[in-house]
Amino acid sequence: MTTAWSAARAAAAAARVTLVLGSTDAGKTTLVTRLAGALAEAGHAVAVVDADLGQSDVGPPTTVGLGRVRGPIERLAQAELLALEFLGATSPVRCLRETAEATARLVRGALDLGCNRVLVDTSGLVEGALGRALKRLKIDRVAPDVLLALQRAEECEPILRACGETGPIIVRLPVSPTVRRSPAARRQARRRALDAYLAGAVAVTLDLARVRVRPAPAARGLTVAEAEGVLVGLESADGGTLGLGWLSALDLGRAQLTVHTTVVPACIAAVAFGRERCPMW
C-alpha cells in the first residue's frame, strides 16, 4: 500500500465531505472508486457525487449524479443511483454556477439521507480562468472538509492557495500512472454511456397544457423551437430530475411534444431541454 493511498484514505475516513481535484486523466475517478469501497467496507455510510458532466459515471453525461456505495466496487458506475440533476451540456462552461450549486445540493442530499462520508468527483477543468472559477465555486458551495489534489506538476496550486488558512484540509497526491485518453476517445466513451442509458427508450407524447418546458441551465438563450433532437431532463412536480430522454418531435400547433425516454409519462411535470444532441437522433 503506497504512502499516497494511505494518506488519501486516512483523510477521507476522518472527514464528512471530501472533494477530489485534478486535471484530465489524473486518476480522480479511480481514487474515488477505491476510497468509496474502502470506506464502505470499514462500516461507513458512503455516498459519491459525480460532478463531471462530460465523463459522468454516476448517472449519464450532462448530469451531476448522486450514488450510494455499500461495499467494494470495481467501477464508479456500480454505485446505486439515488438522484440526478440535469444541466444540459457535457461541459460546465455555460453553467459554472449552476454546476457548483447542483453539486452542493446533492452533497446536502447525501448527508440528509444519513451518509456520513461523501466523496465528490470533479471534472478535469482546473487550469485557466474558467477552471479556477469552476473549482472555486464548487469548493465554496460544497464546503468540503478535505481536498485531495492529484497533480502532475503544480496545476492545482492556484485553486489550493485561494482556499486560505481557514479552508479545508489539503492533501496533495501524485497523479496515478493511467493511460491518457484522446479527446476522440473521451467522446466515444460519452456516446457509449448515453447509448447505454437511453437503451429501451420509447416515444411519449406530452401535452404542453400540462407539462412545462424550459431551457436547462446550459441552454439559456435557446428556444424550444430549436430543441428537436436534443437531450432533455424530465422533472417531477417538485423539480427533481426523474431521468433523461431526447426530444424527437415538436408540434406547437397541437401544443404537444414527443420525447423518447424510459421515464413513466404520468410522473413528468416539466421538460428541461439542453444543448447536446442525442447520439441516436
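Predicted model: local features only at pLDDT ≥ 70, side-chain atom pairs only at ≥ 80, totals over all residues.

Q: Which residue in E5 is the bridge partner of Val46?
A: Arg117 is the partner of Val46 there.

Q: What is the strand order of the open sheet with seven strands?
A: The order is E4-E3-E2-E5-E1-E6-E7, and the pairing is mixed.

Q: Which strands stand at the edges?
A: Strand E4 (80-86) and strand E7 (169-174). Each has a single partner strand, so one side of each has no neighbour in the sheet.

Q: And how much twist on average?
A: From one strand to the next, the twist averages 20°.

Q: Which strands does H4 lie across?
A: H4 lies across E1, E5 and E6, and runs at about 175° to E1.

Q: Now the packing. How many residues are in the largest nonpolar core?
A: That core has 30 residues. Leu21, Val49, Val64 and Val118 have the most contacts inside it.

Q: Which elements supply at least two residues each?
A: Among them are strand E1 (17-22), strand E2 (46-50), strand E5 (117-121) and helix H4 (128-142). Helix H3 gives the largest share of this core, five residues.

Q: What does Val64 touch?
A: Leaving out residues up to four places away in sequence, its contacts include Val49, Leu53, Ala83, Leu87, Ala102 and Leu106.

Q: Switching to the open sheet of six strands: what order?
A: E8-E12-E11-E10-E13-E9, with mixed pairing. The edge strands are E8 (202-207) and E9 (212-215), each pairing on one side only. Neighbouring strands here are turned by 40° against each other on average, ignoring direction.

Q: In which sense do E9 and E13 pair, parallel or antiparallel?
A: Parallel, over four bridges, with E13 covering residues 270-277. Val213 stands opposite Val271 in E13.

Q: Which strands does H6 lie across?
A: Helix H6 (residues 183-198) lies across E10 (230-235) and E11 (241-251), at about 90° to E11.

Q: Last topic, rings. How many aromatic pairs in the whole structure?
A: Zero, from a search of the whole structure.

Q: Then what sits over the ring of Trp5?
A: The charged end of Arg34, 4.0 Å from the ring centre.

Conventions: Residues numbered from 1 in each chain as written. Heavy atoms only, no water. Phe/Tyr/Trp six-rings, centres within 6.5 Å; stacked < 30°, edge-to-face > 60°. Lys NZ or Arg CZ within 6 Å of the ring centre and 35° of its normal. Pairing = 2+ DSSP bridges. Axes fitted to C-alpha atoms, helices over the stretch in contact; angles between N-to-C directions. Contact = heavy atoms within 4.5 Å. Core = buried A, V, L, I, M, F, W, Y, C linked by side-chain atoms within 4.5 Å. Buried < 20%, exposed > 50% of the residue type's maximum accessible area, 1.4 Å probe, protein only.
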